[in-house]
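Please have the sequence and the structure in view as I talk.

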Amino acid sequence: MALRHPPLHRYPLQRGRGVGTTPAMADAPHLRHRLLVRITHWLITLAFLALLITGGEIVLSHPRFYWGEVGNVNTAPLFKIPVPSSRNLVPTGYGYVLPDQNGWSRYLHFQSAWLFILTGLLYVAVGAANGHFRRNLLPARAEVVPKQLAASIKQHLRFWRPRPEEAWSYNVVQRLAYLLVIFVLTPLVIWTGLAMSPAFVSALPGAVNILGGQQSARTLHFAVSVLLVAFLLVHIFMVIFAGFRSRMRAMISGRAAEPEEQA
Amino acid sequence: MSKLSRRAWIASGVAVAAGGAGLAVAAKLAGRYGLVPPDSGGVYGPGETLTYAVQRLLTGHSLAREFSRSQISKAPFANEVAPLGDDFQRFQKGAFADWRLVVDGLVAQPASFSLADIHSFPRSSHVTMIQCEEGWSYIAEWIGAPLSHLLGVVGAQPQARYVVYRSIQPDWWESMDMADALHPQTLLTYAMNDGDLPVGFGGPLRIRVSRQLGYKSVKYITHLTVTDNLKQFGKGLGSASPEGGYAWYAGI
């Protein structure tokens with residue numbers, strides 16, 4: 001596939017005061033990502049990977065999903081995942097049973113959930129206060145129109161490599177994807193997780209009742225997790241595609257490009 | 001270092017120091033108000049303590065969700081238990097007439113109760129869901145005597161903080177705090193739906209702890225001990241669950 005740069009188009013590089021918006025100011029010690037964004041990014045990464053591994057491990061003890069309030073091996077599942085189980089009373093079609101890993105998986109899942117939630121709250125609170133969301137993630141009104149969106153989606157689907165100045169700002173599809181993950185999928189995955197807790201829903205029964213029941217909450221928790229994993233895979237692919245070294249450098253040290261690239 | 005980043009570093013330092021001090025104060029308060037679980041040591045201690053403390057503060061006297069009788073599961077799942085030993089089978093042959101529940105520890109009158117004694121206590125029931133930590137669940141009507149009533153009969157002392165409960169199955173024991181022990185939905189369960197509690201579901205006597213996962217609702221209960229200190233039981237982690245790698249608190 002021939003990889004080309006997209007044609008010149010307008011990106012809102014200058015979106016008010018702040019870091020990471022003005023590549024021309026190479027003499028100023030400005031950074032692509034603030035320290036807090038970088039720290040919370042990697043803490044969330046750590047927490048999410050731990051949640052993913054332990055969540056997968058817990059699912060292995062009952063890889064069947066239901067809708068409504070209740071479900072067990074005596075009731076018909078909504079769907080099954082074709083994997084072996086760590087419990088011998090779950091019919092899987094496999095002739096063997098995996099070792100039980102639920103003890104430490106559950107401990108680590110909830111500890112990671114706390115890291116995820118507390119880090120996320122810090123990120124959202126500071127991001128709201130210092131204009132991070134408005135400046136870096138909220139797309140310009142002019143971008144959220146069918147023509148602009150279609151153009152951006154087309155560039156993604158044609159695998160056009162981003163232009164160097166795009167290392168300083170997110171494009172509209174990217175902004176919408178991040179906003180969806182931060183403000184829709186993450187609250188949903190936390191909510192559906194808590195809706196499975198018998199103690200939590202004893203205090204707030206509405207949290208599970210409006211989801212249609214405890215097994216519905218579990219199924220939705222799994223579904224939202226799948227969407228988050230899909231985001232993660234695309235995110236990693238795009239980092240590698242856009243330039244692994246420069247994107248990783250930006251999220252670790254904060255610098256977006258080598259000095260000679262900026263010149 | 002520019003002025004801005006120096007200011008940022010100082011602000012970060014102050015924030016970290018304040019956060020650390022806040023955590024230390026929070027830990028001390030949590031200990032004082034009984035919000036630290038017995039398995040709070042080890043690498044998962046911070047997460048466990050946060051979960052237990054926050055859920056205890058959030059739940060208070062909240063009741064587990066109750067359902068209508070029409071929602072009782074037609075096909076509940078008993079789950080498997082380790083093979084029941086000779087002792088159990090001897091009791092079973094005698095229709096559990098000789099089954100005893102021993103209550104000791106911090107009580108005015110240590111006692112031993114037959115199933116008939118427990119049947120004579122005020123009867124309570126609720127239709128609630130039991131959830132396994134694995135993810136499956138069913139709804140049943142649980143019928144029995146409130147544990148709080150029995151604790152009143154034996155005169156549990158004011159310094160009591162936990163109730164340790166044991167199964168006839170060796171090495172199967174748990175404990176709960178007084179918030180759950182005195183909770184109206186915590187029952188010494190001897191019947192389920194329309195009949196006696198089947199052996200597979202824990203008959204003749206099962207503790208039902210409605211706001212926690214199924215593994216806290218231990219089957220074949222024979223012994224309760226009221227205590228103010230869990231350190232003296234087993235490895236001091238509160239129950240057999242942490243010794244087997246599972247959390248003591250199972251509200252989530």
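This is a predicted model: local features need pLDDT of at least 70, side-chain atom pairs count only at pLDDT 80 or more; totals for chains, interfaces and linings use all residues.

A:Val229 sits in helix H8 of chain A, which covers residues 214-252; helices here are DSSP runs of H or I with at least four residues, strands are runs of E with at least two, and both are numbered from the N terminus. Residues are numbered from 1 along each chain as its sequence is written, and chains are lettered from A and ligands numbered from 1 in the order in which they are written.

Turning to chain A as a whole, we have nine helices and two strands, running α-β-β-α-α-α-α-α-α-α-α from the N terminus. Of its 263 residues, 29% are buried.

Helix H2 of chain A, residues 102-129, has 28 residues and should span 40 Å at 1.5 Å a residue, which agrees with the 39 Å between its end C-alpha atoms; the expected span is 1.5 Å times one less than the number of residues. Just after H2(A), A:Gly131 takes a positive phi of about 80°. How do H1(A) and H2(A) lie relative to each other? The axes of H1(A), residues 35-60, and H2(A) come within 8 Å and cross at roughly 155°, the axes being lines fitted to C-alpha atoms over the stretch in contact, with angles from 0 to 180 degrees between N-to-C directions. The two helices are therefore roughly antiparallel, a label for angles over 145 degrees.

Finally, the largest nonpolar core has 46 residues, of which B:Val163, B:Tyr165, B:Leu188, B:Leu205 and B:Ile221 touch the most other members; such a core is a set of buried Ala, Val, Leu, Ile, Met, Phe, Trp, Tyr and Cys residues joined through C-beta atoms within 7 Å. Its largest share, six residues, comes from strand S4 of chain B, residues 137-146. Apart from this core lies another, of 34 residues, among them A:Phe200, A:Val208, B:Tyr52 and B:Trp248.

Conventions. A residue is buried if 20 or more other C-beta atoms lie within 10 Å of its own, exposed if 12 or fewer, and partly exposed in between; C-beta atoms are placed from the backbone. Angles under 35 degrees count as roughly parallel, over 145 as roughly antiparallel, 65 to 115 as roughly perpendicular and the rest as oblique.
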